[in-house]
Amino acid sequence: MIELFMLDYCGYCKKVKAFLDEHFIPYKMIDISIKENEEELIKIGGKRQVPFIIDRDNKVEMYESDEIIEYLKTL
């Protein structure tokens with residue numbers, strides 16, 4: 001399952017979320033306004049930037065909404 005690190009007010013996050021919803025791709029939202037989630041994002045990705053996805057099944061981690069959407073099209 002895709003894990004989407006995001007913030008509610010982030011337009012780029014909304015863009016990725018809309019793509020996931022429109023294509024019925026299951027995902028887990030992780031809100032980085034919660035300190036523990038923010039710390040996990042920085043630990044995994046190295047910076048505080050959203051959107052960030054993790055696809056553990058395929059060992060993929062990435063930032064940048066357009067790149068994320070291009071990846072999601074391959075699923």
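Modeller: A polar contact is a pair of N or O atoms within 3.5 Å, where, within protein, one must be able to donate a hydrogen and the other to accept it. Please keep in mind that the model we are discussing is predicted.

Colleague: What makes the approach of the side chains of Asp-55 and Tyr-71 a polar contact?

Modeller: The two side chains come to 2.5 Å, and because the cut-off is 3.5 Å, that value falls within it. The side chain of Asp-55, a residue of strand S3, also reaches the backbone nitrogen of Asp-57, at 3.2 Å.

Colleague: Why is Asp-55 said to have no salt bridge?

Modeller: A salt bridge needs a side-chain nitrogen of Lys or Arg within 4 Å of a carboxyl oxygen of Asp or Glu, whereas the nearest side chain of opposite charge, that of Arg-56, is 8.4 Å away, so Asp-55 is buried yet has no such partner.

Colleague: Which residues is Asp-55 in contact with, leaving aside its neighbours within four places in sequence?

Modeller: Asp-55 is in contact with Ile-2, Val-60, Tyr-71 and Leu-75.

Colleague: Turning to helix H2, how do you know on which side its buried residues lie?

Modeller: The buried residues of H2, which spans residues 35-45, are Asn-37, Glu-38 and Leu-41. They cover an arc of only 100° around the axis, and therefore they sit on the same side of H2. On the other side of the helix, Lys-35, Glu-36 and Lys-43 are exposed.

Colleague: What covers the buried residues of H2?

Modeller: The cover includes strands S1 (2-6), S2 (27-31), S3 (52-55) and S4 (60-63).

Terms used:
Residues are numbered from 1 along each chain as its sequence is written. This is a predicted model: local features need pLDDT of at least 70, side-chain atom pairs count only at pLDDT 80 or more; totals for chains, interfaces and linings use all residues. Side-chain values use heavy atoms; hydrogens and water are left out. Buried means under 20% relative accessible area, exposed over 50%, partly exposed in between (1.4 Å probe, protein chains only). Helices (H or I, at least four residues) and strands (E, at least two) are DSSP runs, numbered from the N terminus. The arc is that of the directions from the helix axis to the C-beta atoms. Contact means heavy atoms within 4.5 Å. Lys and Arg count as positive and Asp and Glu as negative; His and the chain ends are not counted.
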